[in-house]
Structure formats: C-alpha cells, structure tokens
Amino acid sequence: MTPQPPANQPLISPTRIYVEPAAAALPRGRQVLSRFPDAERVEVDSHWRIPELHGDEANARRWVRIKREALVLGVKKSLSARPNGRSAHFIAPSTANGCAMACAYCYVPRRKGYSNPITVFANIEQITGYLARHVARQGPMSEPGQVDDAAWVYDIGENSDCSVDALVSDNVRDLVELFRGLPTAKASFATKYVNRELLEWDPRGRTRVRFSLMPERTAKLLDIRTSPIGERLAALDDFRAAGYEVHVNLSPVVVHDGWLDDWRELLEALGDAVSAATREQLAAEIIMLTHNQALHEVNLRWHPRAEDVLWRPELQEVKRSEGGGVNVRYRRGLKRELLDELLGVVERCAPYLRVRYAF
C-alpha cells in the first residue's frame, strides 16, 4: 500500500520543537513558538546537528510521523544569493529547509539525512534586508532571457515548499511582500501544496508560483502527503486571478509502462482546467527524474513500492554529485529520446504551453 495520512490528520502538528536559543530570542522565533504552545521545547546547539532527527537510519521507519510531529527553529548563518540561470537567476537564502510532505524522490533529505522535517529560520529581517540590497545591486535587467523578460528572478524555496512553510510562520508572506515592492525583481517557488491563504497576500505580479504536476497515477504512488493533482489544477486560475504569475513544473518525469499516455491525460486535464487568461501567461519547466542511491535504500525501508518506478538500473546511469553522492539519471542518449517524446506530447496536447527549459 502507498503510505497516506489518515483522513483529517493535519499536515503538520508539532509535538516537539527543537530550538536554537538565538532563534527563540528573535520576534519570528517567538511567533512560531506561540503558534504551537503545547509542543515540548528541546534546546539544541545547532539545527544541523540533531541526532534523533538527522543521520539515524532507524528514522526511516518513522519517516512520515517525524515530518508531522517535529519542527526545528534555527538561525540562518550564511546569507548568499547563488547564481542559477535555469529556473531563476538567483537562489535566495533559505528561510526554511526540510518539508512536512514526503515525496519519494525528493533530493532535500540527502542533505541532513533521513526524514528532515521543517526547519524555520527566525532571522527573517536579516534575510529580507540582504535580498533587498542584492536586488538593488543588480539594477534593471538589460535584456530578456528564458528565465524572465524583464525582471531578476529569485527562487525563494530551493530547500522547502513555501506553501507548507506558510503554515508554520510568516516568513513566506514577508518575502512576497518584499518583492511586491521591488520593480526589478520577482520571487519564485515551486509547490505541491495548495495553500489558499496565499490568495489574500496581493503579490501584484511580483511572485511566480510554479505548481508541480505529474500524472495522477504516478502522483498517488510518489507524491506522499501532497495536494492531489486535481486540486493543484483547480488552483491555477485562482492564483493567477489573485495576482500571482502562474507557471507549472512538469516534474519529475518518471518513465514506466504507459507513461506517455498518462502525460497526455494530464495535459488534456490542464487545458480543461485553465482559462484563456491563465493560458496566455502559463509556462513550464520539464525536469526528468534524478534519483539517489542513499534515498533508494531509505525508501526500501518505508515505501518500497515507489522504488519499482524510481530505481530502474536498466534505464539509468550513475552521476556523482558535487558532494560525492551517488545519483542516478536516465542514460544520456536515452534521456534525450524520452524528453523529445514528451515534448512532442506537449506540443500536440498543450500547444499554448511555452516550455522555458527541459532537461
């Protein structure tokens, strides 16, 4: 059986909060603690070093429970905006990492190890101040590109899902409000969770929300604790009407028997779900699956059925990460063939959908 939360169970309901003292002393830290007054508080020296959460193989058996019941509150020590060039021009300093959802292919657990629940960074004023100064140093964008025609784009959710982070703190709202006042820049984040509270934030076109989509059959197996695909499709028009720029991520693309037929069905559903106004500004990123040997071994302990489609040695090759991890991806020549097949389906079933990049 595919792991799923019981009906009506909240996505996150912390019973224990691991707290860096410096974070608890900040206004945002106090706000987060006040939202969960009944949770036990455990003081920690560093959000990176919590043995009972990070690096304990036994946690694979409690994967989803940890994500629901644990929360970490820390301070972001290093602030930098890294150049990107694909999805965004820059990757903004994280205001959170980890996630309460449990997608079986997620790369984020590779960093801290195992379940990796949400860590909220309380020094939001430092982060927003840094970003405002960084944007100012860029000046106006001189020429259009595949990332955007007129604005510098900052990905604000590289290591977390901002729609879920907004359930825990006001960090994401602060970022949306920051970029609302920056005429030369936009925020951007990908999400698999429909949080309709964001519809009230008045982003004025300065935040791009990229709803991640995959065929429903695959999502039911791999996108654990996320919003159903139908709910994500139904949100696209609403977020565009609320002032967000709405894009989609067709990702990760997982190859299995009947995969192209499933993508045809999804793209037809996408066309039925969106208005002409949404279609006009819609664009897509397409990302083929990259998996990881260590995550494969963890998944075998808590969700082995996912590995039937994620771990395909007959189709994949090893690619060492910069950190030395063993990643696998579809073999180079095969990947190009598979991607071209999918792009052909997009062209036939969703000709209005501009593909910003595909890899």
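Strands here are DSSP runs of E with at least two residues, numbered from the N terminus. With that in hand, welcome to some close-up views of this predicted model.

View 1. Asp-202 sits in the loop that links β9 (185–191) and β10 (207–213). Its phi is positive, about 55°, although Asp-202 is not a glycine. Arg-204 belongs to the loop between β9 and β10 as well, and phi of Arg-204 is near 55°, again a positive value in a residue other than glycine. Are these residues buried or exposed? Asp-202 has 36% relative accessibility, so it counts as partly exposed. Arg-204 reaches 55% and therefore counts as exposed, the cut-off for that class being over 50%.

**View 2. An open sheet of 5 strands.** Follow the strands across the sheet and you will read the order β2-β1-β3-β7-β6, with mixed pairing. Which strands stand at the edges? They are β2 (40–43) and β6 (96–97); each has a single partner strand, so one side of each is left without a neighbour in the sheet. Helix α2 (residues 27–35) packs on this sheet, where it touches β1, β2, β3 and β7 (119–121). The direction of α2 makes about 165° with that of β3.

**View 3. Strands β1 and β3 side by side in the sheet.** Here we look at the pairing of β1 (residues 16–19) with β3 (residues 70–74). The two strands run parallel and are joined by 4 bridges. For a handy landmark, find Ile-17, which stands opposite Leu-71 in β3.

**View 4. A cis peptide bond at Pro-252.** As for its setting, Pro-252 is found in strand β11, which covers residues 245–253.

View 5. Pro-10 is placed in the segment before β1. Its relative accessible area is 43%, so Pro-10 is partly exposed. Pro-10 and Arg-225 are 215 residues apart in sequence, while their C-alpha atoms are 9.9 Å apart in space.

Technical notes
Residues numbered from 1 in each chain as written. Predicted model: local features only at pLDDT ≥ 70, side-chain atom pairs only at ≥ 80, totals over all residues. Heavy atoms only, no water. Pairing = 2+ DSSP bridges. Contact = heavy atoms within 4.5 Å. Axes fitted to C-alpha atoms, helices over the stretch in contact; angles between N-to-C directions. Buried < 20%, exposed > 50% of the residue type's maximum accessible area, 1.4 Å probe, protein only.
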